[in-house]
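Student: Hi! I'd like to talk through this structure with you. Can we go helix by helix and then look at the contacts?

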Amino acid sequence: MNNTVVELRDVSKSYTLGDARVDALKSVTLAVARGEMVAIQGPSGSGKSTLLNICGLIDTPDAGTFLLHDEVTNTLTPRQRAIYRRRTIGFIFQSFNLVPVMTVYENVEYPLILGGVDDALRTTRVTEILARVGLAKHAHHLPDQLSGGQRQRVAIARALVKKPLLVIADEPTANLDSTTASTMIEMMKSMTDVENVTFLVATHDERMARHCHRELRIIDGGLV
Amino acid sequence: MKIYLKRIKFAWKNIWRNRRRSGATMGVTAMGVTGLLFFGGFALYTYESLEEFSARQQGHVVLSHANFYAQNEEKPMQHGVEDWEKIRADLKSNTDVRQVLPRIEFTGLISNGDKSSIFVGSGVDACYEFTVTGPFLEVTQGEVLNPDSDMPTIMLGKGLAQQFGTHIGDSLTLLTTTVDGTLNGVDAKVVGIFGTGVPEMDQRKLYVSLNVAQNLIATRRVSTLSVYLKNTALTMAYVDKLKQRYPQLATRSWDELATFYHGVRNLYDRIFAVMGFVIVIVVLLSIINTIGMTVVERTREIGTLAALGALPGELLFNFVIEAAMIGVIGSAIGMLVAGGITLSLFYGNVMMPPPPGMTQGYPLRIAFSSALYAKTALAMLAITIVGAYFAARKGVRKPIVEALAHV
Ligand SMILES: Nc1ncnc2c1ncn2[C@@H]1O[C@H](COP(=O)(O)OP(=O)(O)OP(=O)(O)O)[C@@H](O)[C@H]1O
Ligand SMILES: [Mg+2]
């Protein structure tokens, strides 16, 4: 087993809108190592989200191979993908996507429940990660009682609490003001380093990109 | 907290995300439950009353000559029961039997000398008949037949009494044919006037003592022996026993003879079925609407949870729990309302108008049946679960990327 977590070989994906065919990804080849934080930049509609969705196992390529930790994922059933996601992939969304009826604590705990982690370990992990994102005091607040930055910190905690191999973040700072965005970027970066997780971030944000180990540019569905 | 408790907690919070919509569906469920319990309880009460009425009138089991129901008599009492005293004594020795009443059914002419009319008479055991038939015979004037009377006495239906302008103490003549076809008559004193609740009956019906009827027809036989049991539930087993013991006689249970009871029951059962069907459809549509809209509203949440690794089945189950909660709360409210109505009717005494062909109304009551409550609640639970399943089935399988892009 080598150190590559994400590997795409000639991955293509296209959509048809009426008669028009849009090639969202054109034969993309890419390898990302363990613990690497990679920024994916590009203009709107260039294929960033498409790439991330495939890497996050919530979408499938039309052609090419996607290997996650050296395992070919093309043949996995939807159920197997779900199981894979709950164990190994964390997600951070642009609009936070916290569950409004769950408290901060419960939102963060949810992935661990899905993963079948036992009671005691769940408590330790959730408490620990909430402390690290600075939300220990807000554990029993509901998401709509929090600011945008606090919500995104909850989302970061939710993505990292299960100690995933890979975290997918699609424009995580787009809905935040620039100061908050900076804090968030710092936080993600330090988490990446401490936890040794692989981080794929789609972003328009130059500062975000600069913080990453590597910056990739995608234009019209192709890496440049 | 246990995980299943958390699921219930989240479901509980979720159903209140749209109070008005969930509340409306609970209301629809509650009304459906109340409607079913109200009408169901009313039907059950009616069945019970008619059961008692039938059983009181003709007895739980009626023994007669084998051909009594099958053929017309060519001569009076041709199909009467012979040696009935012996049979009666034998039947009474059974501890389940409360009473055995012999009866003679006969017809003839009744006259006051100036005019005459047809009557339908019953010769009865004056000692016991009127205690057993109880509240279903209303004596409006005078009193019931006296078994110790040394002269023939009669009780007249009030319509019949009216035709003759008869009062208590007047004397009337009964004419009928004897077993060998000759005409026979007797003068009898009127001791009582009664109403049965059915005007047609009151026009024709009269009671005399068994021995008066027997003398008039010149027979020792009786038409039927009505067996009154201590408990209606014993009827079927007892009928089987009697059939073995007296194979030469015809044995009928009250149930077989109560055509009115069965008519009403059929009608009410059908009304209940139609009503139940409509309620089921309304509740089903309501829950499908509620859950369907909830699923659409929560599309992005579904996408998020699915991305985190929740399976469609798990997501579907959450919606089913929510729907079941709505169903349970709605049913509980419906039961409380129905229970309240049952109690208030019990103490309030609301009268129903007389049914067709009857002269008297009856109190509106609804029976409380735990089986009916349980079945109704289970039905509602099943409907909400089925409704939620169909309403959410597609939504939880939406492609994750699409669901996440939903606004
Ligand atoms: N479900 C879809 N149906 C049709 N076309 C789609 C669909 N999803 C994406 N596309 C098209 O694929 C291309 C790539 O889209 P994608 O969302 O990956 O871009 P992006 O780089 O994430 O853009 P943005 O910065 O605006 O988020 C675009 O041209 C887009 O219109
Ligand atoms: Mg995008």
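Student: Let's start with α8(B). Which of its residues are buried?

Tutor: This is a predicted model, so take everything here as computed from it. In α8(B), the buried residues are B:Thr235, B:Tyr238, B:Val239 and B:Leu242.

Student: Where do they sit around the axis of α8(B)?

Tutor: They line one face of the helix, because their directions fall within an arc of 105° seen down the axis of α8(B). As background, an α-helix has 3.6 residues a turn, so residues three or four places apart point the same way.

Student: And what is on the face of α8(B) turned away from the buried side?

Tutor: That face carries B:Ala237 and B:Gln244, which are exposed.

Student: What do the buried residues of α8(B) pack against?

Tutor: They pack against β1, α3, β2, β9, β10 and α9 (254-257), which belong to chain B.

Student: α3 is in that list, so let's go there. Which residues of α3 in chain B are buried?

Tutor: Helix α3 of chain B covers residues 84-92, and its buried residues are B:Trp84, B:Ile87, B:Arg88 and B:Leu91. They are on the same side of α3(B), because they cover an arc of only 100° around the axis.

Student: New topic: salt bridges. How many are there over all chains?

Tutor: A search of the whole structure finds 24.

Student: Nice. What does B:Glu82 pair with?

Tutor: B:Glu82 forms a salt bridge with B:Arg221, and their closest N and O atoms are 2.9 Å apart. The pair links distant parts of the chain, 139 residues apart. B:Glu82 is in the loop between β1 and α3 of chain B, while B:Arg221 is in the loop between α7 and β9 of chain B.

Student: How exposed are those two, in relative accessibility?

Tutor: B:Glu82 counts as partly exposed at 45% relative accessibility. B:Arg221 also counts as partly exposed, at 24%.

Student: What about B:Arg103 and B:Glu129, buried or exposed?

Tutor: Both B:Arg103 and B:Glu129 are buried. Their side chains meet in a salt bridge, 3.0 Å from N to O. B:Arg103 lies in strand β2 of chain B and B:Glu129 in helix α4 (residues 129-133) of chain B, so the pair ties together parts that are 26 residues apart in sequence.

Student: How many salt bridges are there between chain A and chain B?

Tutor: The count between chain A and chain B is 3. A:Glu106 forms a salt bridge with B:Lys9, where the closest N and O atoms are 2.4 Å apart. There is also a network of salt bridges that links A:Glu109, A:Asp119, A:Arg122 and B:Lys6.

Student: What area is buried between chain A and chain B?

Tutor: About 2,200 Å², and carbon and sulfur atoms give 62% of that. A:Ile58, A:Val101 and A:Tyr110 supply 23% of the area that chain A buries against chain B, more than any other three residues. The contact takes 24 residues from chain A and 22 residues from chain B.

Student: What does A:Asn53 touch?

Tutor: Leaving out residues up to four places away in sequence, A:Asn53 touches A:Ile58, A:Asp59 and B:Val401. A:Asn53 is found in helix α1 (residues 48-55) of chain A, and at 13% relative accessibility A:Asn53 counts as buried.

Student: Back to chain B, then. Where does B:Val179 lie?

Tutor: B:Val179 lies in the loop between β6 (171-177) and β7 (183-195) of chain B. At 23% relative accessibility, B:Val179 counts as partly exposed. B:Val179 and B:Met77 are 102 residues apart in sequence and 6.5 Å apart in space, C-alpha to C-alpha. Among the residues that B:Val179 touches are B:Met77, B:Ile217 and B:Thr219.

Student: Last one: which residues form the nonpolar patch on the surface?

Tutor: The patch is formed by B:Val274, B:Phe277, B:Val278, B:Val280, B:Ile281, B:Val282 and B:Leu285, with about 610 Å² of accessible area together. B:Phe277 lies in helix α10 (residues 259-297) of chain B, and B:Phe277 is exposed, with a relative accessible area of 57%.

Definitions and conventions
Residues numbered from 1 in each chain as written. Chains lettered and ligands numbered in written order. Predicted model: local features only at pLDDT ≥ 70, side-chain atom pairs only at ≥ 80, totals over all residues. Heavy atoms only, no water. Buried < 20%, exposed > 50% of the residue type's maximum accessible area, 1.4 Å probe, protein only. Helix = DSSP H or I, 4+ residues; strand = E, 2+ residues; numbered from the N terminus. Arc of directions from axis to C-beta. Patch = residues over 30% accessible without salt bridge, like charges linked within 9 Å, V, L, I, M, F, W, Y side chains within 5 Å. Areas by Shrake-Rupley, 256 points an atom, 1.4 Å probe, with all protein chains shown as cover. Salt bridge = Lys/Arg side-chain N within 4 Å of Asp/Glu carboxyl O. Contact = heavy atoms within 4.5 Å. Buried area = accessible area lost by both parts, 1.4 Å probe.
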